[in-house]
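Here is a short briefing on one protein. Please have the sequence and coordinates open as you read.

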Amino acid sequence: MKLPKDKGDTPTLHLCRLCGKVVRNKWHHYRYHNPEYFKCSLCHTVHNRKDHLKAHMKIKHSIDSFSSSQGQD
Ligand SMILES: [Zn+2]
Ligand SMILES: [Zn+2]
């Protein structure tokens with residue numbers, strides 16, 4: 001006869017490394033920090049895909065060699 005040590009009624013909590021907040025759904029929360037859109041730095045239009053932004057840069061701003069500007073904001 002076994003008695004369960006803990007009932008498991010404590011929800012799985014996750015500590016966010018980015019803001020220190022304790023959240024239930026880390027994936028949902030991380031989307032808040034890293035939303036899946038790409039913003040044009042020149043005219044501030046928002047694109048939901050990186051290649052859309054790339055095409056936008058080429059068509060609207062004549063910038064062909066758009067590279068991911070990581071760390072620049
Ligand atoms: Zn967070
Ligand atoms: Zn633009």
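How many helices and strands make up the secondary structure of the protein? The protein has two helices and four strands. This is a predicted model, in which local features need pLDDT of at least 70, side-chain atom pairs count only at pLDDT 80 or more, and totals for chains, interfaces and linings use all residues. Residues are numbered from 1 along each chain as its sequence is written, while chains are lettered from A and ligands numbered from 1 in the order in which they are written.

**Fold and contacts**
- Along the sequence, the pattern reads β-β-α-β-β-α. Helices (H or I, at least four residues) and strands (E, at least two) are DSSP runs, numbered from the N terminus.
- Of the 73 residues in the protein, 1% are buried (20 or more other C-beta atoms within 10 Å of the residue's own; exposed means 12 or fewer, partly exposed in between; C-beta atoms are placed from the backbone).
- Among contacts with a separation of 6 or more, 0% join residues 24 or more positions apart (contact: C-beta atoms, placed from the backbone, within 7 Å).

**Annotated span**
- An unreviewed UniProt entry annotates residues 38–62 as "domain: C2H2-type". UniProt positions are given in the numbering used here, feature names are shortened, and annotations may be inferred rather than shown by experiment.
- Residues 38–62 are 48% helix and 16% strand, with end C-alpha atoms 18 Å apart.

**Positive phi**
- Most residues other than glycine have a negative phi.
- His44 has a positive phi, near 65°. His44 sits in the loop between β3 (38–39) and β4 (46–47). His44 is exposed, with 7 other C-beta atoms within 10 Å.
- Ser62 also has a positive phi, near 55°. Ser62 lies in the segment after α2 (50–61). Ser62 counts as exposed because it has 7 C-beta neighbours inside 10 Å.

Conventions. Two residues are in contact if their C-beta atoms, placed from the backbone, lie within 7 Å.
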